[in-house]
Amino acid sequence: MSPYPADTVQAQAVAPSLADLTTLRVGGPAASFVEAEEEAALIEAVSTADDDGVPLLVVGGGSNLLVADQGFDGVVVRDIRSGITVESDDSCGGAVVSAPAGQNWDDLVERAVAEGWVGVESLSGIPGTVGAAPVQNIGAYGQELSGVVSLVRTWDRGERRVHTFSVGQLDFGYRTSLLKRSMHSEGRDEDPRAPWYPSPRYVVLTVQFQFRLGTLSAPVGYGELARRLGVEVGQRAPMREVRDTVLGLRGGKGMLLDRPPFGAEPDHDRWNSGSFFTNPVIPVEHLAHLPEDAPRYPVRSAMPETTTGPSLGTIDPTLVKTSAAWLIERAGFGKGFGLAGEHSPARLSTKHTLAMTNRGGARAEDVVALARAVRDGVRDRFGVTLVPETILVGVSL
């Protein structure tokens with residue numbers, strides 16, 4: 001018998017389709033669907049699925065998922081908890097803030113900017129929830145979550161206990177972490193129950209952040225943002241200005257949630273899963289394979305270079321990052337590209353080639369076919385294989 005009260009778990013008699021739960025708006029039905037309103041309920045739902053040997057998919061905002069048209073033959077669990085707790089806030093220690101996994105991410109960023117909590121302002125507008133943020137080590141415009149995380153409390157599905165990770169144990173990297181790698185049992189000792197895919201072994205319960213206090217942002221680490229702000233890379237700017245500028249940049253690329261006013265037409269460029277592919281990170285000795293005009297960006301450590309003040313990560317001289325969007329366009333896939341032309345159900349965004357979009361009637365198979373064609377085209381042209389950032393469930397490229 002479960003040790004948790006039954007009324008903390010909200011199981012729905014008719015499970016929604018994954019199209020209703022994801023920003024791409026594709027995907028078939030879930031065999032079972034549970035919404036958890038309390039931490040105990042989340043743990044119960046996860047544990048029950050594992051005990052019964054039923055596949056488990058934990059979803060937040062559904063903004064980084066592509067699920068098969070056949071749906072998911074298992075339990076889909078959504079954490080709907082919210083709330084931001086300020087544990088301490090003073091000029092010496094900064095602000096220590098925690099939030100449950102279900103908390104809306106951008107609402108937390110808005111609060112941080114308003115309160116003068118430095119370090120997430122460039123992550124404005126990223127759809128999704130707090131729980132997904134450390135799994136992916138979300139990042140944008142030269143800023144990554146790893147710079148402000150202090151602790152992540154998780155439910156360890158293998159040992160059936162709460163497991164708390166400090167920032168140093170999370171092994172953050174570019175769009176990855178120990179949490180993400182635990183889907184396939186990478187990063188720890190041999191796990192006889194692996195793989196845990198499509199959800200990690202460690203299901204995030206709460207995240208604790210450590211913020212510096214101030215009115216200026218962390219050092220701006222991205223050229224496009226710096227130019228819009230009128231500063232040099234590495235300089236700082238008012239946090240509110242950074243947030244507003246980032247939201248403008250994201251909106252111009254279709255990288256915000258589609259929330260049209262009543263009666264207005266939807267913006268199908270926003271029916272996407274964010275950046276579908278990660279930017280390739282290439283050893284410097286292989287740069288000769290890229291055209292001379294291909295973008296080249298420094299690869300920085302996930303953690304700030306210093307702890308005595310806001311700073312960027314240390315540059316790794318052995319690696320260089322290039323632009324997946326640039327490679328896609330130069331391989332012949334321009335903005336708005338579709339396999340069947342402008343009437344294709346799935347097309348590249350008309351604003352940004354890194355987003356695969358649903359034009360209103362796409363199926364998962366349409367998005368997969370488009371992504372596969374783009375990946376193969378880039379590989380054939382440049383010898384670089386793009387890696388999906390979007391989590392694929394029941395489909396593959």
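Start by selecting Arg175, Ser275 and Glu389, which the unreviewed UniProt entry annotates as "active site"; such annotations may be inferred rather than shown by experiment. They span 215 residues in sequence, yet no two of their C-alpha atoms are more than 11.2 Å apart, so they gather at one spot.

Before zooming in: this is a predicted model, where local features need pLDDT of at least 70 and side-chain atom pairs count only at pLDDT 80 or more, while totals for chains, interfaces and linings use all residues. Numbering runs from 1 along each chain as its sequence is written, and side-chain values use heavy atoms, leaving out hydrogens and water.

Now pick arginine 175, in the loop between β12 (161-166) and α4 (178-181). Arginine 175 has 12% relative accessibility and counts as buried (under 20% is buried, over 50% exposed, partly exposed in between, with a 1.4 Å probe and protein chains only). Show its contacts (heavy atoms within 4.5 Å): beyond four places in sequence they include Asn137, Glu144, Lys180 and Glu389. Its side chain also reaches the backbone oxygen of glycine 139 at 3.0 Å.

Next stop, serine 275, in the loop between α6 (239-252) and β14 (281-283). Serine 275 is partly exposed at 24%. Leaving out neighbours within four places in sequence, serine 275 touches Met255, Leu354, Glu389 and Thr390.

Finally, jump to alanine 68, in the loop between β4 and β5 (72-79). Alanine 68 is buried, at 3% relative accessible area, and among the residues it touches are Gly27, Ala364 and Val393.

Note on methods:
Helices (H or I, at least four residues) and strands (E, at least two) are DSSP runs, numbered from the N terminus. A polar contact is a pair of N or O atoms within 3.5 Å; within protein, one must be able to donate a hydrogen and the other to accept it, and residues adjacent in sequence count only if both atoms are side-chain atoms.
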